[in-house]
Amino acid sequence: MARGKGAYERYLRKRRRDERLAAGREAEVLAARLQAHLGPEQWAMIEAKWEARPDLYLPDQRRDFLIGEATRLGMLDLAPLPALGG
C-alpha cells in the first residue's frame, strides 16, 4: 500500500531541516577553527564580509562562505570533511 503524499513531504522537510542543522554545526566548527588560526583583524575582516552579504543567511550558506574564505586563505585543511562531501 502506497503512503500518502503528505508523508513524503514531511520526510523532505525533516531531511532539509536535518541537513541545515548539520550545516550549522559544520559552520560553527569551521568558524572556531578559523578564528583560532587567524589574528583578530583577519577574523574581523571575514565577519565584516559575512555581514555585508544579507542575501546569505542560511547555515549551509555560512558554511559554504567559510569554506570559500578558508580556501582563499590556504587553510582548507581546517574544514571538516563532511562539509566537503567526504
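1. Which residue forms a salt bridge with Arg15? The partner is Glu19, and the closest N and O atoms are 3.2 Å apart. A salt bridge here is a side-chain nitrogen of Lys or Arg within 4 Å of a carboxyl oxygen of Asp or Glu. By this rule the count comes to 10 salt bridges.

2. A word on the basis: this is a predicted model, where local features need pLDDT of at least 70, side-chain atom pairs count only at pLDDT 80 or more, and totals for chains, interfaces and linings use all residues. Residues are numbered from 1 along each chain as its sequence is written, and side-chain values use heavy atoms, with hydrogens and water left out.

3. Arg15 and Glu19 both sit in helix α1 (residues 5–37), 4 residues apart, about one turn of the helix. Helices are DSSP runs of H or I, at least four residues, numbered from the N terminus. Arg15 is partly exposed at 43% relative accessible area, and Glu19 is partly exposed at 43%. Buried means under 20%, exposed over 50% and partly exposed in between (1.4 Å probe, protein chains only).

4. Glu69 also pairs with Lys49, with the closest N and O atoms 3.4 Å apart. Glu69 belongs to helix α3 (residues 59–72) and Lys49 to helix α2 (residues 40–51), so this pair ties together parts 20 residues apart in sequence. Glu69 is buried at 7%, while Lys49 is partly exposed at 33%.

5. Arg72 forms a salt bridge with Glu69 too, at 2.9 Å between the closest N and O atoms. Both lie in helix α3, 3 residues apart. Arg72 is partly exposed, at 45%.

Conventions. Helix = DSSP H or I, 4+ residues; strand = E, 2+ residues; numbered from the N terminus.
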